[in-house]
Each structure stands twice: as structure tokens, then as C-alpha cells.
Amino acid sequence: MSVVGASDYSSLIDLAYAALSKDYDVAAELVGKLEKSLVVPDGQAPHDAVRIGSTVTFEVEGGSRRTIKLVYPDKIDVILARISVLTPIGVALLGLREGQCSQWFSRDGQAHHLTVVCVVQEAADLVL
């Protein structure tokens, strides 16, 4: 089960519904994932749960490993490996914790599996 902080949930559900109205292809998938997620009070999401701003290292079946930063659509940057939450892989990663696996479908409809290896939060997100 995915874990999402309350503020992230609120921002992401608004984003997903706005994207639905624009016929964005993964918006319905994001809405579905958010509706199935465990929403926790801000600051109580596990440190290793993927959220907006997380740097995530994951393995795709077959052994390739990637490290990306999950961002809102207006912050994407392919060169800096900043991937939008409104992409199939962004939706798949959201809320996962280290060691968890997920299936995602590329835009050509092929199923893929990934496993989260490491999650690092931005320094500003850390609560000591």
C-alpha cells in the first residue's frame, strides 16, 4: 500500500483532477492510486516513502538501475533526471517504500516491474 502525507495528497489530488479535465493519459491512474493510498498526517509519512521531491533509485526488471527525482509537471528536467508524477513511472513510484515493488505500464502498453532500492528526501523535508 502506498503512503502519502496529507498535504501531498491534497496537492496531488487537485493536480490529478485538473489533468483529468485535460484528458491527460495517466491522470485517472494517479486518482486511483491516491484513492487507495494510506493518507497520514504531515510529518508522519515514513522517511523511505517516495513523495514529491524524493530522489529515488529503483531497478527495473532485467537489471537496469535508475536514479530520478520525482517532481510536479512544471519542474521536469530530463537532463537532471527530474521525472513528473504525471508519468506512468512517476505514478508507479509514488508512495512506495524501499524494497517495495510495483508494476507500471509504459505508454505503449507494455507491463514493467520495478523495485525501489533507495529513497532520499530533500534536506528541507527532514524533520529531526
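Where is R66 found? In strand β4; more on that residue in point 5.

Some ground rules before the points. This is a predicted model, in which local features need pLDDT of at least 70 and side-chain atom pairs count only at pLDDT 80 or more, while totals for chains, interfaces and linings use all residues. Residues are numbered from 1 along each chain as its sequence is written, and side-chain values use heavy atoms, with hydrogens and water left out.

1. Overall fold. The chain has 3 helices and 7 strands, where helices (H or I, at least four residues) and strands (E, at least two) are DSSP runs numbered from the N terminus. Reading from the N terminus, the order is β-α-α-β-β-β-β-α-β-β. The radius of gyration is 14 Å, close to the 14 Å that the globule rule gives for 128 residues, so the chain is as compact as a globular protein of that length. For the record, that radius is taken over C-alpha atoms, and the rule is 2.2 Å times the number of residues to the power 0.38. Along the principal axes, the C-alpha atoms fill a box of roughly 40 × 35 × 30 Å.

2. Of the 128 residues, 44% are buried (under 20% relative accessible area; exposed is over 50% and partly exposed is in between, with a 1.4 Å probe and protein chains only). The accessible surface comes to about 7,000 Å², with 55% of that belonging to carbon and sulfur atoms; areas come from the Shrake-Rupley method with a 1.4 Å probe, and for residues only the protein chains shown count as cover. As for charges, there are 11 positive and 16 negative ones, and their mean positions are 3 Å apart. Lys and Arg count as positive and Asp and Glu as negative, with His and the chain ends not counted; each charge is placed at NZ of Lys, CZ of Arg, CG of Asp or CD of Glu.

3. Contacts along the sequence. Take the contacts (heavy atoms within 4.5 Å) between residues at least 6 apart in sequence: 54% of them join residues at least 24 apart.

4. T57. This residue sits in strand β3 (residues 55-60) and counts as buried because its relative accessibility is 14%. Its side chain makes a polar contact with the side chain of T67, at 2.8 Å. A polar contact here is a pair of N or O atoms within 3.5 Å; within protein, one must be able to donate a hydrogen and the other to accept it, and residues adjacent in sequence count only if both atoms are side-chain atoms. Setting aside residues up to four places away in sequence, T57 touches R65, R66, T67, T115, V116, V117 and C118.

5. R66 and A81. R66 is partly exposed, at 39% relative accessibility. With residues up to four places away left out, R66 touches V56, T57, F58, I83 and I89. From R66 to A81 the C-alpha distance is 9.1 Å, across 15 residues in sequence. A81 belongs to the loop between β4 (64-71) and β5 (82-84) and is partly exposed too, with a relative accessible area of 21%. Have a look at its backbone: phi of A81 is near 60 degrees, a positive value in a residue other than glycine.

6. V50. You'll find V50 in the loop between β2 (38-40) and β3, buried with a relative accessible area of 1%. Beyond residues up to four places away in sequence, V50 touches V56, L70, L93, L94, G95, L96 and V119.

7. Q121. The segment after β7 (111-120) holds Q121, which is buried at 5% relative accessibility. Its side chain makes a polar contact with the side chain of S54 at 2.7 Å. A polar atom of the Q121 side chain also lies 2.9 Å from the backbone oxygen of H47.

8. D8. Helix α1 (residues 6-21) contains D8, which counts as buried at a relative accessible area of 19%. Apart from neighbours within four places in sequence, D8 is in contact with R51, I52 and Y72.
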